[in-house]
Structures are given as structure tokens and as C-alpha cells.
Amino acid sequence: MTAPSQKCVTVWLLLNMCCSISIVLINKWIYTNCGFPNITLTCIHFIITSIGLFICRLMQMFEPKSLPITGMIPLAMTFCGFVVFTNLSLETNTVGTYQLIKTMTTPCIMLIQTQYYEKMFSLQVKLTLIPIAVGVFLHSMFDVKFNLMGILFATIGVLVTSLYQVWVAEKQVEFQVNSIQLLYYQAPLSALMLNVVLLFTEPFNPNEVFNHWEMETLGMVLLSGVVAFSVNLSIFWIIGNTSPVTYNMAGHLKIVLTLLGGCLLFHDSLNLLQIISMLTTMSGVIAYTHFKMQENKVPVSHTGTTTT
């Protein structure tokens, strides 16, 4: 597989950054102002992603490939867990707490890859996790909206997300498929699984959908689903063409804009200690970028592009 061009990587990273920030703020608006059920929203995301990929197939943007169902079930299950617990974390935490605890995904991925997939990371790269972890600790310790249930959801979300992202990279190599071929097979399977869960947790009621929820709410839910499709597609592409760790390091740079968005739109607190924790976390990201640039001997312009 030929390496993607710098321009291509730039476009996908910018798409992921814009969509990831947008979906956090859109979903937070839906939960805060409408109380829309979490798992139903997640299922809608999966369905719209499946429809979007089917349209891409009709437009001959990719050639589908048959994959073994037994190999896809674990990936689909972690995909469900990844989105459900991420949304539960967002629903029960402030945007700042949600975003900063997510930074623990990176060390978790490195641990999984080291223990089970024989991936090696230099000591310098491992040490960059220290300021990231310190930044998360400072924010969580002094966040005035800290709550046990929110932290529990966030922690489970980190564990499931880490496993999911590692498998996204591994399955593309194992099945010899590209990112969109893998997502095309997995998204409907995840939607089917989540529909079974919905039967017992949030039974569908047509009268409630069309009478209880306003058109503005339904419009925002639809928008959330379209943005989720873009997020899922970009995540698969970036992980498949770079690595889970690089994707997460790039994701840390979205913290600043997400925190500011949460502060402006939802009046989440942003005090001096939170700013310090944010800067501490960012110092770890910058150090990681520097050391990976040296290890890979990639030109500065390319590395700068792939970590923003």
C-alpha cells in the first residue's frame, strides 16, 4: 500500500478535527437542551453512517469486500461501546472533563499495543505521557463539576475506545482492506447490535418522536448523524494510514477549541487551574511530535501537518 500524500493527510486531519469538535458541541447541545435518549442517538449515528457508505458504494467510491463475520463481531461490539460510553461521558460530564479524560486513550493504546501486538515505543515517546497524565489529573482534581458516574463512564469509554482503535488498525492489515471497506461492513453490524439493546432500554415510540420532540431537535439529531458519519470515516482513514497513537496525539490538539466551545456555548467553567492543566497536556503532545519527527526522520512540514 503506497503512503498517502501530505495533501491527502492534511485534508483528512482537517476534516476529522472540524467534525470531531462539531459533534461534541452538537451532542452536548442535544443532551443539555433536549434530553434526547443517548442510545437512540448512537443508533441513529450508525444507521446514517451505513446509509452514507451505501451511497458511496453506489457512486463507485470503493469496491466492497466480503469479510468473516466472526472476525467482525468483536470490532462491531467495541464500536458500539466506544460511541455509547463516549456519549454517556459527554452527557454526564462537562465538555472540559470529557475532553481531557479522553487524553488517557493514548497511554492505554500504547499499553495494549506493547503487551499484545509487540509494538515498541522509545523511552522518549513514553515519557511524553507524563505531562499528558498530569494535565488530566489536575483538571479532574479541581473540576467543580466532578462526579463519580461521569468519571466511571469516561474511564470505560477510554478502555473500549483504545481497544477499538487498535483493532481498526489491526483488522485492516489482517483482512487486507482499506478503511472504507472495513467501515462499510462494520457499521450496519453495529447498528443491528444496538437495535437489539434499544428494545430493552429505550423502546421506539413513533408518537413520542413526532409529538414530543420539536423539529429543531430532530434537525439537530439528523445533523449529528451526518457529522458522525464524517467522524467515523475520517477516524478509519487516519488510523489505517498512520497509527492509533498518532491519531490520538493529533486529537489532543482539538482540546483547546473544544474547551473554548464548551465555555462559550454551555458556560462550562474554565479557571486558571484548568488552563494550566490544558497547557501541561499540550506540552506532552508537542514533545511527542518532536520525538516522533526525529525517529521517523520526516520533514518538519509533513510532521506538523499530521499532528494537528
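**Buried residues and cavities**

Mentor: Ser 224 is buried, with a relative accessibility of 0%; buried means under 20% relative accessible area, exposed over 50%, and partly exposed in between (1.4 Å probe, protein chains only). Before we continue, note that this is a predicted model, in which local features need pLDDT of at least 70 and side-chain atom pairs count only at pLDDT 80 or more, while totals for chains, interfaces and linings use all residues. Residues are numbered from 1 along each chain as its sequence is written, and side-chain values use heavy atoms, with hydrogens and water left out.

Trainee: Where is the place of Ser 224?
Mentor: Ser 224 sits in helix H11, residues 215-241. Helices here are DSSP runs (H or I, at least four residues), as are strands (E, at least two), and they are numbered from the N terminus.

Trainee: With which side chain does Ser 224 make a polar contact?
Mentor: The partner is the side chain of Asn 27, at 2.6 Å. A polar contact is a pair of N or O atoms within 3.5 Å; within protein, one must be able to donate a hydrogen and the other to accept it, and residues adjacent in sequence count only if both atoms are side-chain atoms.

Trainee: Changing topic, how many cavities of 30 Å³ or more does the structure hold?
Mentor: There are four cavities of 30 Å³ or more. On a 1 Å grid over the protein atoms alone, a cavity is a set of points where a 1.4 Å probe fits but cannot get out, and lining residues have an atom within 4 Å of a point. Grid points are joined across faces, edges and corners, and a volume is the space filled by probe spheres set on the points.

Trainee: How much space lies in the second largest cavity, and which residues line it?
Mentor: The second largest cavity has about 80 Å³ of space. Its lining includes Phe 85, Tyr 98, Lys 102, Phe 153 and Thr 161. Helix H3 (69-92) and helix H8 (148-175) are the elements that give two or more residues to this lining, and H8 provides the largest share, five residues.

Trainee: How do the residues of that lining divide into nonpolar, polar and charged?
Mentor: Five are nonpolar, five polar and one charged. In this scheme Ala, Val, Leu, Ile, Met, Phe, Trp, Tyr, Cys and Pro count as nonpolar, Asp, Glu, Lys and Arg as charged, and the others, Gly among them, as polar.

Trainee: Is Lys 171 buried or exposed, and what about Glu 174?
Mentor: Lys 171 is buried, with a relative accessible area of 12%, whereas Glu 174 is exposed at 51%.

Trainee: What lies close to Val 166 in space?
Mentor: Val 166, also in helix H8, is buried at 0% relative accessible area. The C-alpha atoms of Val 166 and Ile 109 are 6.7 Å apart, although the residues are 57 apart in sequence.

Trainee: What about Glu 118?
Mentor: Glu 118 has a positive phi of about 55° and is not a glycine either. The loop between helix H5 (105-116) and helix H6 (123-127) holds Glu 118, which is exposed at 71% relative accessibility.

Definitions and conventions: 1 Å grid on protein atoms, 1.4 Å probe; cavity = no way out; pocket = protein on both sides within 12 Å on 5 of 7 lines; lining within 4 Å.
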